Amino acid sequence: SYFHYFPLFTNISNSIKYNTLSIITNKVIKLEKRVLSFLKDNNININKPIVVAVSGGADSIALLNILYNLKYNIVIAHVSHHMRLQSEEEEQYIIKLANKLNIPYEILEYHFEGNDNFHNASHNARYKFFRSVCDKYNTNLIATAHHLDDQAETILMKLMEGSNLYGYGGISICNDDGNYQIIRPLLCVSKKELYNYCDLYDLTT
């Protein structure tokens, strides 16, 4: 009868769900392994806590999740600039995510004052804060979410500005900031891949 076909459709449906889940899982694992290999290939051996700069955007949320899944010891550092209506929402989302993953977090409530350029002032305030978080957690590693698209954009801008051959280098995966090191594990990953990664994990503010 008609009802005899239901088990067949159920089996097909379950098979499709299983295959879809398997494909998603493989994509996630491959991306995370690529980041791990990228770090190792560039001789970045991490044996101390990493202060992860998390703005609340897809790229930094993806960075946080990737490093967490790779079993690194991480601390979230978030700066709330109070310049957009979404600032409070992003801050609350990050706190919720930190509690869910049982990750320590530090937040700077930044209010711009003065006549200086906002971008310069906020940049300096952010990195001063990141360094202070490093000191608190006895580390010197700061991870930011610069990705492959940022790299391409930086090189293109330098070309347009007429840099010489030695100036065509893009963003470094690792550079020193005094006694601190800034690492950029996502320079091997495109912006589209990071957004897809967040969609797969349902990581949205």
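Reply: Here goes, starting with a term: helices (H or I, at least four residues) and strands (E, at least two) are DSSP runs, numbered from the N terminus. This is a predicted model, in which local features need pLDDT of at least 70 and side-chain atom pairs count only at pLDDT 80 or more, while totals for chains, interfaces and linings use all residues. Residues are numbered from 1 along each chain as its sequence is written, and side-chain values use heavy atoms, with hydrogens and water left out.

Me: Thanks! How many helices and strands does the chain have?

Reply: There are 6 helices and 6 strands. Along the sequence they come in the pattern α-β-α-β-α-β-α-β-α-β-β-α.

Me: And what share of the residues is buried?

Reply: The figure is 39% of the 205 residues. Buried means under 20% relative accessible area, exposed means over 50%, and partly exposed is in between (1.4 Å probe, protein chains only).

Me: What share of the contacts links residues 24 or more positions apart?

Reply: Counting contacts with a separation of 6 or more, 70% are between residues 24 or more positions apart. A contact here means heavy atoms within 4.5 Å.

Me: Changing topic: how much space lies in the largest pocket?

Reply: About 780 Å³. On a 1 Å grid over the protein atoms alone, a pocket is an open set of points where a 1.4 Å probe fits, with protein on both sides within 12 Å along at least five of seven lines, and lining residues have an atom within 4 Å of a point. Grid points are joined across faces, edges and corners, and the volume is the space filled by probe spheres set on the points.

Me: Which residues lie nearest its centre?

Reply: Of the 26 residues lining the largest pocket, Ala53, Ser55, Asp59, His81 and Arg126 lie nearest its centre. The elements giving two or more residues to the lining are helix H2 (58-69), strand E2 (74-80), helix H3 (87-101) and helix H4 (118-136). H4 gives the most, with 7 residues.

Me: And what does the lining have by class?

Reply: It has 9 nonpolar, 12 polar and 5 charged residues. Here Ala, Val, Leu, Ile, Met, Phe, Trp, Tyr, Cys and Pro count as nonpolar, Asp, Glu, Lys and Arg as charged, and the others, Gly among them, as polar.

Me: Staying with H4, is Ser122 buried or exposed?

Reply: Ser122, found in helix H4, is buried, because its relative accessible area is 3%. Leaving aside neighbours within four places in sequence, Ser122 is in contact with His81 and Tyr110.

Me: Where is Tyr110?

Reply: Tyr110 is in the loop between E3 and H4. At 13% relative accessibility, Tyr110 counts as buried.

Me: What covers the buried residues of H3?

Reply: The cover includes H2, E2 and E3. Among the buried residues of H3 are Tyr93, Ile94 and Leu97.

Me: Which loop holds Lys71?

Reply: The loop between H2 and E2. Lys71 also has a positive phi, near 70°, and is exposed at 75% relative accessible area.
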